[in-house]
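Keep the structure open while reading.

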Amino acid sequence: MLWKHSSMKGGSAIVALSTFFVLLQICILSIAIRLTVVIPHFTSLFHVLLSIVFNGYSNVTSPCPADQKCCGKSMRTSFDDVPFGHNTSNLREVIPCSEEQRKNISRIFYLDIGSDAREGGGHRIGLLTQCPVSTWLEHYYATGGYYVDNQDNREFLGISVGCNKGHDFISMARMGTSDPDFDMLVWEKTIEKHITSRYACGTGKQTALLNRTKRDGEFHCIEPMPATFAALTNASRELGLAESKKLILTNAAISTSTGVAHFPRANAGYEANGIHSCQSKPHDCVSVPMYTLDEYARMFVQSKGPIDVLQIDVEGWDYDVLFGAGSVLDRTNYLEFEYHIAGPWGNLHLQDVIKVLDRKGFTCYWAGVANLFRITSCYFDAYDTWHGWSNVACVHRSIETLAHEMEQVFQSTIKDLR
């Protein structure tokens, strides 16, 4: 009789059991994230759980019923205005690099010299990718490739995490909207009145405008450094960008969880500070809000369409930003982030992120000055031991025109570069 009763209730039991395991995994993940901060040996556990977070729960707004609690945190669900998400079911896999391509990459990067080298060692990865110039992206917009992949004239959406002095951000906005009010030369003169630190990669480059009618855009500049944020705010107000151009400035940090982060009172524009910077001098720091990128998008991003460009430059904490960006990545067309020796990157592996991004439909490259070196399906073991300041650019394979253009740049790079 008991067996018969259990069978009749089987459907309810399965639902209850599934819900229990979802909640259990979320609680374990929350604990693991905190352990990786205080106990380095738990980093491997962090790696294992990474794939679950990026893929298993990337499309789940909340695992709990509305207004109830999970792991002690209040959560809510909304099904209104569900954001865009890429369809990855029909995407082709990336063809692995040929033996000749691998030999050329190894030759260019000196990968056969000092395979255990850290920053400043035998590799040329950092030398060639520290300050990229994304000509492939500029060409994509300047030649109308954007309109091939996007038939409508929808609003451009760009997000810059770690906006710093705003050069990449202004360049992105000008490129995406063809709006001459986003003028790099004017921006430089204005921001320089408010900053004292030098430029790590020199001054910005003026992006060519499209021969098309300008379109509207929504732009998010997220900067945690208080003095730098103040400089960005003052410069944008002087130029009238914040009021008239849907430019949203936010003084916040983006990481693996929502809460509070501490940042030093450094000079405006100083580029070497991260979340770790206050560990040695906590008395000289201020508190700023901290969000996951998913939570930030839910709270502040108005558009529900694709994110055309996502830039991440957070001094070694890019891994953490990506960790909390599952649903944001699902709607991103083009992504740039830094690889580093600073912050958590120093103890983590690039391939963990590359594999997850591949499963999400992204093809990633080392990004240089008009040069690209494919990483996806072209990985070298040396990348696991080398950590240094460098940049990675990724394109979602559903954006076929840009994906094709970046692959062509890669093939030309390894053929021509010496």
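How many bridges join strand β11 to β12, and do they run parallel or antiparallel? Strand β11 (residues 362–367) is joined to β12 by 3 bridges, and the two run antiparallel. Within this pairing, Trp 366 has Phe 373 of β12 as its bridge partner.

The model is predicted.

**The sheet**

β11 and β12 belong to an open sheet of 8 strands. The order is β5-β4-β3-β9-β10-β13-β11-β12, and the pairing is mixed. β5 and β12 (372–374) are the edge strands, each pairing on one side only. On average, neighbouring strands of this sheet are turned by 20 degrees against each other, direction ignored.

**Strand pairings**

| Pair | Sense | Bridges | Bridge count source |
|---|---|---|---|
| β3 (residues 156–161) and β4 | parallel | 6 bridges | computed from the model |
| β4 and β5 (residues 247–250) | parallel | 4 bridges | computed from the model |
| β11 (residues 362–367) and β12 | antiparallel | 3 bridges | computed from the model |

**Strand β4**

His 220 is the bridge partner of Ile 159. Ile 222 stands opposite Thr 250 in β5.

**Helices on the sheet**

Helix α6 (residues 135–142) lies across β3, β9, β10, β11, β12 and β13. α6 runs at about 160 degrees to β9 (307–312). Helix α17 (residues 400–416) also packs on the sheet, touching β10, β11, β12 and β13. The direction of α17 makes about 100 degrees with that of β12.

Conventions. Residues are numbered from 1 along each chain as its sequence is written. This is a predicted model: local features need pLDDT of at least 70, side-chain atom pairs count only at pLDDT 80 or more; totals for chains, interfaces and linings use all residues. Side-chain values use heavy atoms; hydrogens and water are left out. Two strands pair if DSSP finds at least two bridges between them. Axes are lines fitted to C-alpha atoms, for helices over the stretch in contact, and angles run from 0 to 180 degrees between N-to-C directions. Contact means heavy atoms within 4.5 Å.
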